[in-house]
Amino acid sequence: MNDATEQKKPPLGAARDALLRRILDVVSMPASRIPPQDRQMAGDILLDMLFHADERDRLICSTRLAGSREAPRRLLRYLAQANFPVARPLLEESDAFDDCDLAEIIRQTQPEHRQTIARRRNLSVAVTAVLAEVAEPHIVREVLANRTASFAETTIDRLIAASRDEPSYCPLLVERIELKPSHAMAMFWWADGPTRRKILTRHAAERQEMISLCSDVFEMAAAEGWQDGVARKALQMIERRQRNRAAIARSPYDSLEHAVQAAAEAGMEAKTAQEIGYLSGIKPVTAAKILSDAGGEGLAVLCKATGLKREYLALLWRALGRPLEQDPGHPHPQFALVAETYEVLSVLKAQTTLRYWNWALSSAFSPAALRHAQALGDPANEEAEFSTAQRTARLVFGR
C-alpha cells in the first residue's frame, strides 16, 4: 500500500517546474489579456525563480520571451546576460531592448554576446559608440560591416584613430556613409592600396562651387597684399592654380619638370626633394611625407595635381630608387597600380587632395600645434581641440 502510494507521488520539483511554466505563460500574454501591473508582478516572481533554475529552464524562458515586446525588461536583461546559449534568442530577435539595455549588456557580458549585438539591425549611434569603446577588433569589424548600423562622427573619429594600429578596419571604414573627407584623407597614409584608391576617387572634393563663389575674394585678398593669414590659408585650399610661380624665380631649376628630370638623373637628394615641394606649392613636411610613402599613390596625386605628364611619374619613381619593371618588358606591380591611380584621378580631385594634405600635415608644425604637442593633459585651446587639420596631423604623425 505504502509502495503504491509512493509510486503515485510526482517527482521532486514537479511543482516548481509547473509553476515556472504557468508564470511564463502569464508574462508572455498579449497586452490585451493582462494588465501591466500583473505582468510586472509575474515577471518579478519569474525572475526570482530563474535565479535558482537550470540552463534548460532559462533557455525555455529566453526562447519564449524573444518575441515579446511587453515582457519586463529587467527580466529580459537578466536572461540576455546569462550564458550565451540562453542569451542568444533574445540578442538575435528581441525588439524590447532600448539603447541603455543594450549598452549594459555590452559592458557586462562576453565577446559572443557583443558580436551578436553587433549584427542586430538598425543599431543606434549610442550602441555602436559603446561597441567601439570596448575595442575588440573582431567585434568592431562586425559592426562596421553592419549596413543598417549608424555611427556618430565622434565614433568614426575613434575608429579612424584605432585603424592606425588595426589596419583591417580601413576597408570597412571607407565603405561607411558616415566617413567624412577629413577621416578618409587621414586614413589614406596607413590604408592598403585598394582602400587608397577608393579614398582618392570617392572622397576627394572638386571644389567647383567654392572656386566660383570665391573668385572675387582672391582679388580682394591680393589688393590687401595677402596680409590676412587666416584668409590666405583658406584661399590656398580653394584656388585653382597648384604650382608656386613665385618659387620658380628663386629655384635653381627652370620648372618642376626640370627638377624631376634632375632627380631622375642624379637620384633624389634632400635639396632636390625640397625644391620639388616648393615648385609644387606644398610645404617641405608634405613633400617629405609624399616622397617617403611606401605605397607611392601620393606620387600619382602630386603629378596629376601639378600637371606633370605621366612620363614624369615614371621619372619621379626612378628618382626615388624604385623599380619600374619586375621583369624586362613587364612593369613592376606597385608602379602599375600607382600609374593606374594617376590615370583615374581627375585634376581637381588630385589638387584638392594635395592641398588638404598640405593644409593638414603642415598644421603639425605650426606654433600652436607644437605648443600643444609639448603640453600634457587637455588641449590648450579650441583650435587644438576642434581643428580638423590639427587632428589629422596628430593622427598621421602619431601625436
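Analyst: Let's start at the end of helix 23: Gly321 follows this helix, and its phi is positive, near 75°. This is a predicted model, so local features need pLDDT of at least 70 and side-chain atom pairs count only at pLDDT 80 or more, while totals for chains, interfaces and linings use all residues. Residues are numbered from 1 along each chain as its sequence is written, and side-chain values use heavy atoms, leaving out hydrogens and water.

Helix 23 itself spans residues 310-319 (helices are DSSP runs of H or I with at least four residues, strands are E runs of at least two, both numbered from the N terminus). Its buried residues are Tyr312, Leu313, Leu315, Leu316, Trp317 and Ala319 (buried is under 20% relative accessible area, exposed over 50%, partly exposed in between, with a 1.4 Å probe and protein chains only). What do they pack against? Their partners are helix 19 (256-266), helix 20 (270-280), helix 21 (284-292), helix 22 (297-306) and helix 24 (333-344), where contact means heavy atoms within 4.5 Å.

Stepping back, the chain has 28 helices and two strands, and 44% of its 399 residues are buried. Of the contacts with a separation of 6 or more, 65% come from residues 24 or more positions apart. The largest nonpolar core has 98 residues, and Leu46, Met187 and Trp357 have the most contacts inside it (a core is a set of buried Ala, Val, Leu, Ile, Met, Phe, Trp, Tyr and Cys residues joined through side-chain atoms within 4.5 Å). Apart from that one lies another core of seven residues, including Ile211, Phe218, Ala221 and Leu348.

For another packed pair, look at helix 4 (residues 55-65) and helix 6 (residues 84-93): their axes come within 8 Å and cross at roughly 5° (axes are lines fitted to C-alpha atoms over the stretch in contact, with angles from 0 to 180 degrees between N-to-C directions). Helix 4 and helix 6 are therefore roughly parallel (under 35 degrees; over 145 is roughly antiparallel, 65 to 115 roughly perpendicular, the rest oblique). Helix 4 brings Glu55, Arg58, Leu59, Ser62, Thr63 and Leu65 to the contact, and helix 6 brings Pro85, Val86, Ala87, Pro89 and Leu90.

In the loop between helix 4 and helix 5 (73-80) sits Gly67, exposed at 69% relative accessibility.
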